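Keep the sequence and the 3D view open side by side. We start with confidence, then move to the core and its rings.

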Amino acid sequence: VMPKALCSQLAQLLKVDITWRALGVNGADVRTMHANVLNIVKKVQAEQEEKRVQRRMSQEILEEAQRAEQKAQPAVTQQREGLQKHDSHGHPGPLASALIDFVRGKTKEFGSHEVAFDEGGIDAVVIMCGLNDFKKFLGGRTNAVFREDMEKFLADLREQVGPDCLVVFPAIPIEETRLPEPIKTVVSYLSYAFDEEKRLMAIQKARVEFIPKPAIDLWKEAKDKYGEVVAQDGVHPNEVGYKVFAEHVGREMFPILKKHFQHLEEQAKAKIKMQRERFDDNLKRALRPEGEPSA
């Protein structure tokens, strides 16, 4: 429920299509996630890479068919700066070949090209954790140990998803419980202590964000509108509760993602500009008549 509601909210706010996948293990703490979820992430990325390869192969096959069709037709000799775009056999000439290869990332003579945005990559990972960790508090799973577990998980996850992926840690949605006192107060205190470790880590780590708990009024409004928001166990949110919390996380993530994507776009534009300048310089050198001094 929560992943679907979160991505639906973000798709509306960002006005984009979002592809998502929920990965997890029931009752998992951070150590369990670390041990099991990363293998699933690797599998997902392998599937994405296979799809990218298939798309590239399809594009190459299409281009080969277009060249074969050009070869069968009368020679086309469009002039540009004294160079033929196609030779007498209908094949792309030096300039056309260079431009095709530049777009496809295969140019060698005129400089290498790297696509700035990796199509199909993972833009953001949202990690819900903490509740099943502080349940083990009496067994020594303190908030300090929780922080160590998160950092180990984050380090391996970062290697897997890359440096530009945004990693988001929402707070534990545990404001509305049916636990008796004093257990309710203890649980509330532990949830804030464990959430504080997420908040501090987000401050100290690049491209890591913490989403705080919603205002208590949000839960009151949800109860007035939908009724019960807590599951039968008296601790976890029910489907309505998770939907309400997901929409809160989506609203908080919206400006973060917008700023993140703007930053990536600026990086991409700067990178493409530098590549084009290098390509133009190399192309000018390649087209310069022999013996002519450089400018």
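This is a predicted model. The protein chain has an average pLDDT of 79, and 80% of the residues reach at least 70. One stretch needs care: across residues 75-119 the pLDDT is below 50. Beyond near neighbours in sequence, that stretch still has 75 contacts in the model. Where pLDDT is low, predicted coordinates should not be read in detail.

Now turn to the interior. Nonpolar side chains in soluble globular proteins tend to be buried together. Here the largest nonpolar core holds 33 residues. I127, C129, F134 and F169 have the most contacts inside it.

Take I127 as a way in. Which residues does I127 touch, once its neighbours within four places in sequence are left aside? The contacts are M33, F153, L157, V167, V168, F169 and P170.

Next, the rings. How many aromatic pairs does the model have? The count is 2. F134 and F194 make an edge-to-face pair, 5.8 Å centre to centre, with 65° between the planes. F134 belongs to helix 4 and F194 to helix 6, so this pair ties together parts 60 residues apart in sequence. Both F134 and F194 are buried.

F146 and F194 make a tilted pair. Their centres are 5.0 Å apart, and the angle between the planes is 40°. F146 sits in helix 5 and F194 in helix 6, so the parts tied together by this pair are 48 residues apart in sequence.

Why does F146 count as buried? Its relative accessible area is 0%, and buried means under 20%. F194 counts as buried because its relative accessibility is also 0%. F194 takes part in the pair with F134 and in the pair with F146. Together, F134, F146 and F194 form one aromatic cluster.

Finally, look at another ring, that of Y192. What sits over it? The charged end of K213 does, 4.9 Å from the ring centre.

How values were computed
Residues numbered from 1 in each chain as written. Heavy atoms only, no water. Core = buried A, V, L, I, M, F, W, Y, C linked by side-chain atoms within 4.5 Å. Buried < 20%, exposed > 50% of the residue type's maximum accessible area, 1.4 Å probe, protein only. Contact = heavy atoms within 4.5 Å. Phe/Tyr/Trp six-rings, centres within 6.5 Å; stacked < 30°, edge-to-face > 60°. Helix = DSSP H or I, 4+ residues; strand = E, 2+ residues; numbered from the N terminus. Lys NZ or Arg CZ within 6 Å of the ring centre and 35° of its normal. pLDDT = per-residue confidence, 0-100.
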